[in-house]
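Dear colleague,

I am handing over the structure below, and after it you will find a written account of what came out of the analysis. Please read the two side by side.

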Amino acid sequence: MEILSVDTNSKKTGSGRELELYFGPQHLGMVGNFSITLKVEGDRILKSTANPGYLHRGFEKLMEYRTWIQNFPMVCRINVVEPDSMEMIYAMAVEKLAQIEVPERAHFIRSIYLELARVGSHLFGLWAYANMLGFDTVAQWAMYHRDLILDLFEELTGGRVYHIYIWPGGVRRDFNPGFKDKIVNTLHSIGGCVPDYDSTFFNNRLFYERAKGIGKITQEQAKQWGATGQALRATGMAYDIRKIEPYAAYDKVEWNVPVRQDGDAYSRVWVIRDEMIESVYMIFKLLDAMPEGPVYNRIPNPFKWKIPKGEVYVRCESSRGELGLYLVSNGGDKPYRVHFRTPSYPHGLIILEKLLENAGIADVGNIMISLYVVAPEIDR
Amino acid sequence: MNESIKEQLESTFKAVVVNILEDSRIVVDVKKEQVLTVLKFLKDRNFDHLALVSCVDWIEEKEFELVYILTGYMQGEKEYTGQERLHLIVKTRISRQSPQFETVTGIFQNAEPYEREIHELFGVKFEGHKRLTPLFLERDYEIPPFRKDFDTRQYVQDVFDKIPFVENNDK
């Protein structure tokens with residue numbers, strides 16, 4: 001942390017002076033390329049200003065120079081932790097504009113793939129959160145289990161982090177023989193560790209003491225500030241795009257939306273835990289219900305592919321909340337305008353600033369990571 | 001559901017054009033003077049989530065299009081009524097020569113960073129916005145970089161071609 005200015009003339013309570021501090025981007029409590037300027041008095045925060053932009057690569061502009069298909073490697077880089085929902089939403093938007101049908105089996109494969117990605121992303125979030133609280137063991141477990149999911153992705157798609165597996169018209173290739181069993185085995189070995197996670201972390205008194213009541217928002221505030229995802233579900237509203245506007249195969253199987261009532265960091269992290277378990281059950285159900293058939297409908301020659309004039313807003317539930325894409329075509333072979341509504345955007349730029357007021361310095365990381373803010377998603 | 005929204009909008013406002021593109025997608029074209037009242041009207045009818053504020057540069061028509069995407073939160077906590085499925089794309093056009101518009105932060109608090117972004121990347125000035133400070137960029141560009149006449153590739157060439165290459169004979 002770097003001290004930017006010291007104001008000794010201000011009021012003399014507490015430590016007696018106001019400091020301006022830079023929190024991040026190189027700070028142990030900060031995950032990702034993001035910084036917050038804090039005005040503090042003692043260790044109480046008076047005002048906080050979020051500074052995004054460290055990862056602004058201008059993807060939305062760059063996408064206007066590339067053809068519809070060329071953009072797939074770009075979209076997945078917008079969110080490093082969970083690139084899969086980015087591919088999904090771009091494919092959904094292109095399919096809607098070009099009116100391409102997707103085979104039934106591809107819908108199921110997409111759902112399974114997205115749920116695997118959700119579990120992987122939540123494990124990453126758990127790593128960050130547990131690490132920040134000092135639960136190194138749990139953090140290492142979470143990283144290990146995430147790696148098992150990345151192994152699955154590597155076998156399925158050839159890439160560990162960026163997969164570019166979802167494609168307009170379906171998915172790139174079908175499951176290999178025996179891949180279903182591998183998914184089941186991996187999920188069993190992860191699910192078998194849930195009691196361990198519970199006894200060391202989730203039911204641990206230290207986690208309760210450290211997270212209960214931290215970064216609390218009411219449902220009304222969550223609605224005003226544009227919250228979605230865990231931040232909203234932790235306040236009691238079962239708002240989940242997978243239920244509200246089902247895409248892929250989410251309406252084909254039974255599943256529940258995990259909800260908590262208190263709206264604090266403790267509730268948000270519990271929602272993340274419950275969602276992982278729900279996703280694992282959902283994958284088992286989807287694997288059972290998956291029909292046979294093709295996984296891919298042919299699209300026109302990508303080099304000459306022109307998409308009719310139009311505009312579309314599509315949304316899906318990424319692991320952090322509502323992910324939206326506003327896509328405009330002017331009838332050409334490239335998008336005319338691309339704009340992503342990423343869930344971390346309101347979380348990191350509005351809610352974080354509001355919650356940090358009057359919080360302690362020790363809680364900055366706690367609030368930020370429990371809000372699940374991912375910087376590349378904000379900057380784009 | 002979407003029919004009744006269309007009716008309500010068209011009967012209350014004169015110059016509003018409502019198109020139902022799909023069961024869940026409604027496009028509302030609004031004159032720029034009416035945007036705030038239309039947004040307020042829709043917010044009172046449970047479209048209380050401003051998902052996105054976007055801007056499209058229609059350079060040939062010399063206009064910017066401001067786009068507000070509205071969805072609704074759930075009214076209860078558990079039950080889905082079907083209105084959450086709908087989303088409205090409220091659009092208006094403003095002149096490209098002097099891009100100015102009113103802020104909607106008075107109606108939707110969460111519009112603040114979106115308008116900051118549009119101000120920075122498109123150069124649209126939002127009157128009444130309390131914090132039109134830079135968000136992502138660290139340099140001041142002559143043309144705001146997301147406008148269509150800002151050519152990213154040309155810019156990169158202009159900037160980086162001036163920097164000489166290093167001599168490297170290490171083959």
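**Contacts between the chains**

B:R131 forms a salt bridge with A:E353, with 2.9 Å between the closest N and O atoms, where a salt bridge is a side-chain nitrogen of Lys or Arg within 4 Å of a carboxyl oxygen of Asp or Glu. This is a predicted model, in which local features need pLDDT of at least 70 and side-chain atom pairs count only at pLDDT 80 or more, while totals for chains, interfaces and linings use all residues. Residues are numbered from 1 along each chain as its sequence is written, chains are lettered from A and ligands numbered from 1 in the order in which they are written, and side-chain values use heavy atoms, with hydrogens and water left out.

Between chain A and chain B the count is four salt bridges, and there are also 23 residue pairs in polar contact across this interface, both residues being at pLDDT 80 or more (a polar contact is a pair of N or O atoms within 3.5 Å; within protein, one must be able to donate a hydrogen and the other to accept it, and residues adjacent in sequence count only if both atoms are side-chain atoms). Among the elements of chain A that give two or more residues to the side touching chain B are β7 (310–318), β8 (321–329) and α13 (344–356), helices being DSSP runs of H or I with at least four residues and strands runs of E with at least two, numbered from the N terminus. The most comes from α13(A), with six residues. By class, the side of chain A that touches chain B divides into 25 nonpolar, 13 polar and 17 charged residues (Ala, Val, Leu, Ile, Met, Phe, Trp, Tyr, Cys and Pro count as nonpolar, Asp, Glu, Lys and Arg as charged, and the others, Gly among them, as polar).

The contact, meaning heavy atoms within 4.5 Å, takes 55 residues from chain A and 51 residues from chain B. The area buried between the two chains is about 4400 Å², of which carbon and sulfur atoms give 54%; buried area is the accessible area (1.4 Å probe) that two parts lose on being put together, summed over both.

**Within chain A**

The domain assignment, whose bounds come from an automatic or database source, gives domain 1 (11–51) and domain 2 (59–377) of chain A, and their C-alpha centres lie 30 Å apart. In this pairing, 19 residues of domain 1 are in contact with 16 residues of domain 2, and the two domains bury about 1400 Å² between them, 70% of it on carbon and sulfur atoms. The count of salt bridges between these domains is zero, whereas six residue pairs are in polar contact, both at pLDDT 80 or more.

Over all chains, the search finds 39 salt bridges. One of them joins A:D363 to A:R210, the closest N and O atoms being 2.9 Å apart; A:D363 lies in the loop between α13 and α14 (364–370) of chain A and A:R210 in helix α8 (residues 205–211) of chain A, so the pair ties together parts that are 153 residues apart in sequence.

**Confidence**

The model scores ipTM 0.87 and pTM 0.88. Chain A averages a pLDDT (the predictor's confidence in each residue, from 0 to 100) of 87, with 94% of the residues scoring at least 70, and chain B has a mean of 84, with 99% of its residues reaching 70 or more. Where pLDDT is low, the predicted coordinates should not be read in detail.

With best regards
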